[in-house]
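Please look through the sequence and the model shown below before reading on.

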Amino acid sequence: MSAPASPLRLRPTMLSDLEFVQSVETDARNLPFITPWERTQHEAAVRIPDFRHFIVEDGPDGSRGGFVILQGCRNPNKSVELKRIVLQAAGHGRGLGRACVRVLKRMAFDDLRAHRFWLDLKSLNTRALALYASEGFVEEGRLRESVRITGFGEDAGYDTLIVMSLLDREYRARVA
């Protein structure tokens, strides 16, 4: 897997970015892997201090490649959630997801001083599952058939959520 053509940048999402955010989130190639939010949910995540909502910029001209959301940034238990990472289809297979995860791990542990950085993902998202495992995240458990499958029709059934996490000591050991 090759690295992105230019350095990855995360910048705070502005309300003017939300049309882009929703277009990436509801893209047919991304829809099976996420549960889309209403615009008001994204607006809240932009405004509420417990969240960090970022636009992923990956082109030399600062072109938008997707978005990411962290939640629990003020959690008293120092448990930060990688709530969402969604990239445009053009970013798939170029290493942009891995670059995002690495930047977000540094942010969680170095800037936010997290003890635990965690996420959940649908079991059918096998590429993301492999990526998170290769970046040190450990599977903690499964929530069987807990989310409806979207993007495949009304009667597509249910999928299982996999909960994964990385602890600060595991992150530090990997960095060392």
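**Salt bridges and strands in a predicted model**

The count comes to 14 salt bridges, where a salt bridge is a side-chain nitrogen of Lys or Arg within 4 Å of a carboxyl oxygen of Asp or Glu. This is a predicted model, in which local features need pLDDT of at least 70 and side-chain atom pairs count only at pLDDT 80 or more, while totals for chains, interfaces and linings use all residues. Residues are numbered from 1 along each chain as its sequence is written, and side-chain values use heavy atoms, with hydrogens and water left out.

**The sheet**

- Seven strands form an open sheet with mixed pairing, in the order β1-β2-β3-β4-β5-β7-β6; strands (E, at least two residues) and helices (H or I, at least four) are DSSP runs, numbered from the N terminus, and two strands pair if DSSP finds at least two bridges between them.
- At the edges of the sheet are β1 (9-12) and β6 (138-148), each of which pairs on one side only.
- Strands of a sheet pair through backbone hydrogen bonds, either parallel or antiparallel.
- The antiparallel sense is found between β2 (residues 51-57) and β3 (residues 64-71), which pair over seven bridges, and G66 in β3 is the bridge partner of V56.
- β3 and β4 also run antiparallel, joined by six bridges, and the bridge partner of Q71 is E81 in β4.
- β4 and β5, by contrast, pair in the parallel sense over three bridges, with E81 standing opposite W118 in β5.
- Helix α1 (residues 18-25) lies across β2, β3 and β4 (79-87), running at about 90° to β3; contact means heavy atoms within 4.5 Å, and such angles run from 0 to 180 degrees between N-to-C directions, the axes being lines fitted to C-alpha atoms, for helices over the stretch in contact.

**Buried and exposed residues**

- β4 is mostly covered, since seven of its nine residues are buried, and here buried means under 20% relative accessible area, exposed over 50%, and partly exposed in between (1.4 Å probe, protein chains only).
- R144, which has its place in strand β6, counts as exposed because its relative accessibility is 74%.
- K122, found in strand β5 (residues 116-122), is buried yet has no salt bridge, and the nearest side chain of opposite charge, D159, is 6.0 Å away; Lys and Arg count as positive and Asp and Glu as negative, while His and the chain ends are not counted.
- The side chain of K122 does, however, reach the backbone oxygen of I34 at 3.3 Å.

**Salt bridges one by one**

- E43 forms a salt bridge with R39, the closest N and O atoms being 2.9 Å apart, and both residues lie in helix α2 (residues 39-47), four residues apart, about one turn of the helix.
- E135 forms a salt bridge with R98, with 2.7 Å between the closest N and O atoms.
- E135 lies in the loop between α4 (126-134) and β6, and R98 in helix α3 (residues 96-111), so the pair ties together parts that are 37 residues apart in sequence.
- In this pair E135 counts as buried, at 2% relative accessibility, whereas R98 counts as partly exposed, at 22%.
- E140 and R116 meet through their side chains in a salt bridge (2.6 Å, N to O).
- Because E140 lies in strand β6 and R116 in strand β5, this pair ties together parts that are 24 residues apart in sequence.
- A network of salt bridges links R9, R11, D17, E57 and R64.

Methods: A polar contact is a pair of N or O atoms within 3.5 Å; within protein, one must be able to donate a hydrogen and the other to accept it, and residues adjacent in sequence count only if both atoms are side-chain atoms.
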